[in-house]
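Biologist: I would like to go through this model with you. Could we begin with how the term "buried" is used?

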Amino acid sequence: MSTLIQLSDLHFGPLHNSHLDQVILKEIAVLHPDAVIVSGDLTMRARHSEYALAREFLLQLDRPLLTIPGNHDQPIFDPWERFTHQYARYQKYIHANVDSVLAVKGLLILGLNDNHPLLPGGFWSRRQRAWIAEQLSHALPGAVKILVTHHQLAWQGKTRPAGFWYPTRALEFLAQNGVELVLNGHTHVPYAESNRGIVVARAGTATSGRTRHGTGNSYNVITVDEKQISIFVRRYDEATDAFVAARADTFPRRLGQGEESQAWILKKSY
């Protein structure tokens, strides 16, 4: 079994709760996941000081790590930089590449930068789609294929555009290329569903005070074995000063690439 921790929307800067950084670091040390995924919005306004704090936190994780930028990780107070070198600060402090790859313990994880300097995110360029297909084609036999983006593909039954594409087209493309799990953030509200045989899981904000709809601060623990993918939401509990089990969603793994079954979802929530 492989275990991932998904953090999202850390938002170092105003309203960031630095105490939660330490709580999360302790829990990661205990859980000892195979990798940590950070699905965007490391900063609030992409200031150099915010990026420096984010880098300091990431360096303490001591686990295989994949990060991607979010819409907040583009400078807002320097329009010239935002439209010409919008990821220069991210690349200086966090990672040289905005699209990245991590292979660990039977998993092939792709991180896709789906941001736009002006419009709401969810944009996948032709180059990026070709890159996704190429990278996935190199997966070892039996590897679980995972894609990480910042913006959500799951709209809870609503048809909304995801950049240039509608979610159904994006999911069909991923299913054709054998992707089994998509991870994202952005809304600060955790959620999980299965769509076209792909598990789509969204993490809440781990450390920002900008929580929404009463969901509080949370992160995801994800386990993958031969039969199923499970998404466990852990929510911060002030009384115990720890993240505690809040919800569990378990999905049978797809039996064959492109197979569509109405019995994909097996959910248990508490």
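Modeller: A residue counts as buried when its relative accessible area is under 20%. Please bear in mind that this is a predicted model.

Biologist: What share of the 270 residues of the protein chain counts as buried?

Modeller: Of the 270 residues, 56% count as buried. The accessible surface of the chain comes to about 12,300 Å², and 53% of that surface belongs to carbon and sulfur atoms.

Biologist: How many helices and strands are there?

Modeller: The protein chain has six helices and 13 strands. As for contacts between residues at least 6 apart in sequence, 67% of them join residues at least 24 apart.

Biologist: Let us take strand E2. Why is E2 described as largely enclosed?

Modeller: Strand E2 covers residues 35-39, and five of its five residues are buried, so the strand is largely enclosed by the rest of the structure.

Biologist: Which residues of E2 lie on each side?

Modeller: Ala35, Ile37 and Ser39 are on one side, with Val36 and Val38 on the other. Both faces are covered, as these residues are all buried. In general, side chains in a regular strand alternate between the two faces of the sheet.

Biologist: In which sense does E2 pair with E1?

Modeller: Strand E1 (residues 2-7) pairs with E2 in the parallel sense, over four bridges. Within this pairing, Ile5 stands opposite Val36 of E2. Between the two strands the chain passes through helix H1 (residues 18-31), and this β-α-β crossover is right-handed.

Biologist: And over how many bridges do E2 and E3 pair?

Modeller: E2 and E3 pair over four bridges, in the parallel sense. Val38 has Thr67 in E3 as its bridge partner. Here the chain crosses from E2 to E3 through helix H2 (residues 48-59), in a right-handed β-α-β crossover.

Biologist: Changing topic, where does His72 lie?

Modeller: His72 lies in the loop between strand E3 (65-68) and helix H3 (79-84).

Biologist: Is His72 buried or exposed?

Modeller: His72 has a relative accessibility of 14%, which is under the 20% cut-off, so it counts as buried.

Biologist: Which residues is His72 in contact with, leaving aside neighbours within four places in sequence?

Modeller: The contacts of His72 are His11, Asp41, Thr43, Met44, Arg45, Ala46 and Arg210. With Met44, the side chain of His72 reaches the backbone oxygen at 2.7 Å. The C-alpha atoms of His72 and Asn115 are separated by 9.4 Å, and these two residues are 43 residues apart along the chain.

Biologist: Which residues other than glycine have a positive phi?

Modeller: Asp9 is one of them, with phi near 50°. Asp9 is found in the loop between E1 and H1, and it counts as buried because its relative accessibility is 0%. His188 is another, with phi near 70°. This histidine, His188, is in the loop between E7 and E8, and His188 is buried at a relative accessible area of 1%.

Biologist: Finally, helix H6. Which of its residues are buried?

Modeller: In H6 (residues 167-176), the buried residues are Pro167, Ala170, Leu171, Phe173, Leu174 and Ala175.

Terms used:
Residues numbered from 1 in each chain as written. Predicted model: local features only at pLDDT ≥ 70, side-chain atom pairs only at ≥ 80, totals over all residues. Heavy atoms only, no water. Buried < 20%, exposed > 50% of the residue type's maximum accessible area, 1.4 Å probe, protein only. Contact = heavy atoms within 4.5 Å. Polar contact = N/O pair within 3.5 Å; in protein donor to acceptor, adjacent residues only side chain to side chain. Pairing = 2+ DSSP bridges. Right-handed = clockwise from strand over helix to strand, strands pointing away. Areas by Shrake-Rupley, 256 points an atom, 1.4 Å probe, with all protein chains shown as cover.
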